[in-house]
Amino acid sequence: MNAKEKMIMEEYRESKPDFERLEKEVVAILQDIADSCNIQIYAINHRVKEEKSLAGKLERKGDKYSSLSDITDILGTRVVCFFSDEVDKLAAQIEKRFDVDWNESIDKRKYLDVNTFGYLSVHYICSLKPNGKYPPELINKRFEVQMCSLMQHIWAVMEHDLGYKTKFGVPTAVKRDFFRLAGLLEIADEHFVSIRDSVSDYTKEVHERIIADTAGDIPIDSVSLEEYMNNSKSMQNFLRTISNVCEAEISKENPDNYLEQLDWLKKRTIGDLQQMLADNYSLAMQMIEKLLATSDLDILSSTVALRFLCHAELVNKRYGRELMVDFLMLSMKDRERAERYADNLIKEYGK
């Protein structure tokens, strides 16, 4: 290591605590950006380069650097989004929150040859804005922000761990496999975006049809059941009645746990669920008044409606004791408890 490289290493040792402080500030800002944009982040990876790593870099590329400030990745971060189209949204906000060195930054998506595949990401070299909020020793330090999708992140991790860094010195068969894999991940990226958009469109359609009370033929699934519980007029009226009887607040909860139970009862469409509510409303209210009206509960889950509708269905459709127990075991997992509950249903409401 020559004199210049030793000077850079000494400067690094003196500056490392500042980079560690900068790391905390940058990660907090990146998380705030993601939250404000309503972008779900898989991970924000970050690190301050270790001394051994810096020494290796200087050994390989020392001629490029005159001082520590020339090395832009002493602090490196990578923001991993679930979807590729969210990278641009994130990048636009990062440009507003940080000062970006455009001479050093690169969008690798624009430079990959059309006939090859590889790590598609956006790399910004940034610094904190000099707005008086941060001390000078943090403002004058640059750092790297990489933005990529989860599929792109997987490629980068595999590329790093398997040591595939350049096209030289790699067996042709291995190169071919890497390119094929990169192509598959790129296709997967596009399909995940398409699936997300399809789910969003489906949710919107289900929501509108439930509001218009024309959703009878829609199959029950996690999307349609939640939309029904939250937006059906008849279900909302039922929940308000429960709230008034029990003098408790109704808290919206995800009803996914009832998908298996509704399927067991052969409730396959929103129309089936509507009919179930109409058929069992009175008995379900009897059960609620008996079991909950005198309780001291201040908050009830919105799924309480499904619980008592299912139990009223068991009674009204005259399911036998063993079938009742089988149904109750879907949620209770304790056979003796399920048997006691089934016996109580038959005793109290079987007539």
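In the predicted model, residue K4 is partly exposed, with a relative accessible area of 28%. K4 belongs to helix α1, which spans residues 3-36. Although K4 and S66 are 62 residues apart along the chain, their C-alpha atoms are separated by 7.2 Å.

Nonpolar side chains in soluble globular proteins tend to be buried together. In this model, the largest nonpolar core comprises 48 residues, of which F238 and I242 touch the most other members. Two or more residues are contributed to this core by each of the helices α6 (172-211), α7 (222-231), α8 (233-246), α10 (270-291), α11, α12 (321-332) and α13. When neighbours within four places in sequence are left aside, I242 is in contact with I250, M285, I288, L300, V304 and A305. Another core, of 40 residues, lies apart from the largest one and includes M9, L75, C81 and M147.

The axes of α10 and α11 come within 7 Å and cross at roughly 100°. The two helices are therefore roughly perpendicular, since angles of 65 to 115 degrees fall in that class. On the α10 side, the contact is formed by L273, M276, L277, D279, N280, Y281, L283, A284, M287, I288 and L291. These residues meet L306, F308, L309, C310, H311, A312, E313, V315 and N316 of α11. By class, the contact of α10 with α11 contains 15 nonpolar, three polar and two charged residues.

Helix α11 (residues 304-316) and helix α13 (residues 335-349) have axes that come within 10 Å and cross at roughly 65°. This angle makes α11 roughly perpendicular to α13, and the crossing is right-handed. From α11, the residues R307, F308, H311, L314 and V315 take part, meeting Y341, L345 and Y349 in α13. The contact of α11 with α13 has six nonpolar residues, one polar residue and one charged residue.

Technical notes
Residues numbered from 1 in each chain as written. Predicted model: local features only at pLDDT ≥ 70, side-chain atom pairs only at ≥ 80, totals over all residues. Heavy atoms only, no water. Axes fitted to C-alpha atoms, helices over the stretch in contact; angles between N-to-C directions. Helix = DSSP H or I, 4+ residues; strand = E, 2+ residues; numbered from the N terminus. Parallel < 35°, antiparallel > 145°, perpendicular 65-115°, else oblique. Left-handed = near helix turned anticlockwise from the far one by under 90°. Contact = heavy atoms within 4.5 Å. Nonpolar A, V, L, I, M, F, W, Y, C, P; charged D, E, K, R; others polar. Core = buried A, V, L, I, M, F, W, Y, C linked by side-chain atoms within 4.5 Å. Buried < 20%, exposed > 50% of the residue type's maximum accessible area, 1.4 Å probe, protein only.
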